[in-house]
Each structure stands twice: as C-alpha cells, then as structure tokens.
Amino acid sequence: MADVLPTRSALVSRVLPFSCVDGPGNRLVLFLQGCNFRCPGCHNPHTIGLCDDCDDCGDCLAVCPSGALTFNQGKVQWQATLCTDCDACLDVCPRSANPKAATMTVDDVLALLRRYGPLLSGITVSGGEATTQLPFVVALFAAIKGAPDLTHLTCLLDSNGSLAETGWQRLLPVLDGAMLDLKGWRDSVHHSLTGYGRERVLASLQLLARHGKLTELRLLHVPGKSDFLDASGELEADLAAFLQRLGPVPIRLNGFRHHGVRGEAAQWPEAHPTELEQLASRLRAAGLGPVSLPALMG
C-alpha cells in the first residue's frame with residue numbers, strides 16, 4: 001500500500017471563530033503567522049515574524065496572568081486551554097514575536113468549520129500575509145470545496161497583494177474572492193509604508209478584477225504620508241484612472257491608528273474622520289465604489 005501523504009499544515013497566529021468585519025456575513029478567520037512586508041505602521045507586528053524570531057528570553061512569562069506560558073527545556077511553551085487572550089505577552093515581547101503561534105493542519109481547520117459551520121457564511125484566511133503559506137491555503141480551500149457538508153462556505157483571502165501571477169493561478173480555481181490593501185499610490189510612498197514597491201500589488205488588483213474575484217480594495221490613509229489626493233485635495237488623476245479600469249469594486253477606507261503600533265510609527269498622527277470623509281467624497285465623485293468608512297471613527 002502506498003504511504004498516505006501528510007495533510008498540509010500552516011503556522012497560525014490566531015483563530016477567530018466569528019467575525020463580521022473580515023468579509024461578508026459571519027466568518028471564521030484564520031490569521032496565519034508571517035509576513036513579507038515590513039510596514040512600520042503595522043497594527044499587528046507580532047504576526048510578521050516566524051517562530052525562529054522568538055529567542056525564548058522569557059519576558060512574556062512574567063506578564064501572563066493565567067499561567068498559559070511556561071518554560072520547557074529552555075523553550076517557551078503555550079497552553080491554549082489556560083490562555084485568556086489578554087495579549088499581554090504580545091505587548092511585552094522585545095522581538096515582536098508570538099509565543100501563541102501554533103501549527104494547524106487542514107484537517108484541524110475543517111474540524112473547526114464543522115463545529116461552527118451552521119452559524120458561518122464562510123472562512124477568511126488572513127495574516128500576517130496568508131500567501132506566504134500558499135500551499136496550505138490552496139489545500140484548505142480545495143478541501144472545503146470538496147467537502148459536501150462545507151460547500152455552502154465561501155473562501156476569501158485577505159492579502160497585501162504581493163503574490164505573483166503564477167501563485168494566483170494556483171489559487172483562483174478554489175478562491176471565491178480576495179480583499180487587497182493598497183497602502184500608497186506612488187511607488188516611493190508604497191515603499192516607505194510597506195518596505196516594498198507597488199508593482200506586484202497593482203498587478204494582483206488587475207488580475208483579480210479581470211477574474212471577478214476582487215471582493216474589496218482597501219486604501220490606508222496615513223496623515224502626512226498618503227498620496228491618494230493631490231496638493232489641491234483632489235483624487236490623483238492617474239489613481240482615479242487605474243481604479244476605474246478595475247470596474248465597480250467596493251472600496252473600504254482605513255485610517256491609521258496607534259493601536260498595536262511600535263517604533264517610529266507610534267509618533268505618526270492618527271487619521272481624522274474628516275480626512276477619510278474627504279477621500280471618500282473624492283472617490284465617489286469619480287464614480288468609484290461603493291465606498292465604505294470605518295464603523296468607528298474619531
């Protein structure tokens with residue numbers, strides 16, 4: 001008998017059983033660990049690195065109120081059953097590591113979906129950057145599509161758009177839609193806000209729009225750094241033209257906040273509601289959208 005191949009697995013930062021803000025309906029959200037961008041304004045810096053970023057210094061043990069973190073043979077160990085998700089360990093870590101990251105298989109995730117399935121509209125795989133663990137995402141979505149009791153669930157991806165076309169071609173057959181971020185328009189601005197250029201992101205937006213799988217485009221406004229509006233306060237003409245070529249894609253505006261941010265970006269000014277409303281107004285005037293604003297502003 002041929003050996004049975006092990007199921008695909010991924011390093012997972014967190015599982016959120018129910019969410020109404022990570023795509024339409026009520027969704028289970030899988031936050032994968034690891035990101036290829038280095039955004040100074042990241043709200044979840046603990047999702048960027050992989051397990052080897054942790055040097056087992058033990059600083060997190062002293063602040064854990066439930067005893068979920070312990071030392072075992074010189075390594076920090078996390079016990080999920082004791083954890084209260086207070087995230088004190090994430091706040092104190094000097095290396096922005098995540099002691100709670102754990103390996104999950106496709107079968108593990110399917111079991112969760114079957115547990116919560118009757119209450120769910122679908123699953124969203126986020127991050128970090130989900131496509132850095134692309135084989136797992138493809139295998140997971142294919143397994144969901146192939147399971148008769150789970151076919152009612154939609155499979156969405158929340159991504160920074162850095163995946164190459166060959167990767168998207170692997171994912172498209174099992175993908176219902178993707179939500180992508182555009183954090184800067186000019187390449188220099190995008191690079192300053194993410195550590196990388198914009199070309200892969202623009203190509204991903206175009207590819208997904210052509211295939212009818214661009215569920216949402218997200219624009220991040222950072223006061224004094226974003227360049228979606230020109231000096232006169234109007235929408236940049238070449239940005240407007242690019243967005244119009246994508247077609248009627250929902251656009252969500254996000255404003256920079258200090259929550260979770262570390263380093264220099266903690267000194268950046270937060271986005272004001274009037275700034276987001278101005279950008280929304282310019283987008284709507286250009287016939288783009290529908291445009292949505294954060295649920296809570298101010």
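Residues are numbered from 1 along each chain as its sequence is written, and side-chain values use heavy atoms, with hydrogens and water left out. Since this is a predicted model, local features need pLDDT of at least 70, side-chain atom pairs count only at pLDDT 80 or more, and totals for chains, interfaces and linings use all residues.

So how confident is the predictor? pLDDT is its confidence in each residue, from 0 to 100. The mean here is 91, and 96% of the residues reach 70 or more. Where pLDDT is low, the predicted coordinates should not be read in detail.

Now let's look at helix H3, residues 106–116. Helices here are DSSP runs of H or I, at least four residues, and strands are runs of E, at least two, both numbered from the N terminus. Which residues of H3 are buried? They are Val106, Val109, Leu110, Leu112, Leu113 and Tyr116. They cover an arc of only 160° around the axis, which puts them on the same side of H3; that arc is taken from the directions from the helix axis to the C-beta atoms.

By "buried" I mean under 20% relative accessible area; exposed is over 50%, and partly exposed is in between, with a 1.4 Å probe and protein chains only.

On to the charges. The structure holds 12 salt bridges, each a side-chain nitrogen of Lys or Arg within 4 Å of a carboxyl oxygen of Asp or Glu. One of them joins the side chains of aspartate 87 and lysine 100, at 2.6 Å from N to O. Aspartate 87 sits in the loop between strand S4 (75–78) and helix H2 (88–92), and lysine 100 in the loop between H2 and S5, so the pair ties together parts 13 residues apart in sequence. Lysine 100 is buried at 8%, while aspartate 87 is partly exposed at 24%.

Then there's a network: Asp158, Glu216, Arg218 and Arg252 are linked by salt bridges. Aspartate 158 pairs with arginine 218, closest N and O atoms 2.7 Å apart. That links strand S7 (residues 154–159) to strand S9 (residues 214–221), with the partners 60 residues apart. Both aspartate 158 and arginine 218 are buried. Arginine 252 pairs with glutamate 216 at 3.3 Å, connecting strand S10 (residues 251–255) to S9 across 36 residues. Glutamate 216 is buried at 11%, and arginine 252 is partly exposed at 26%.

Last, the backbone. A cis peptide bond joins glycine 127 and glycine 128, with omega about 20°; glycine 128 lies in the loop between S6 and H4. Another cis bond joins glycine 289 and proline 290, omega again about 20°, with proline 290 in the loop between helix H9 (273–285) and strand S11 (291–292).

And our friend aspartate 87 is back: its phi is positive, about 65°, although it is not a glycine. In the loop between S4 and H2 there is also aspartate 85, whose phi is near 55°.

Terms used. pLDDT = per-residue confidence, 0-100.
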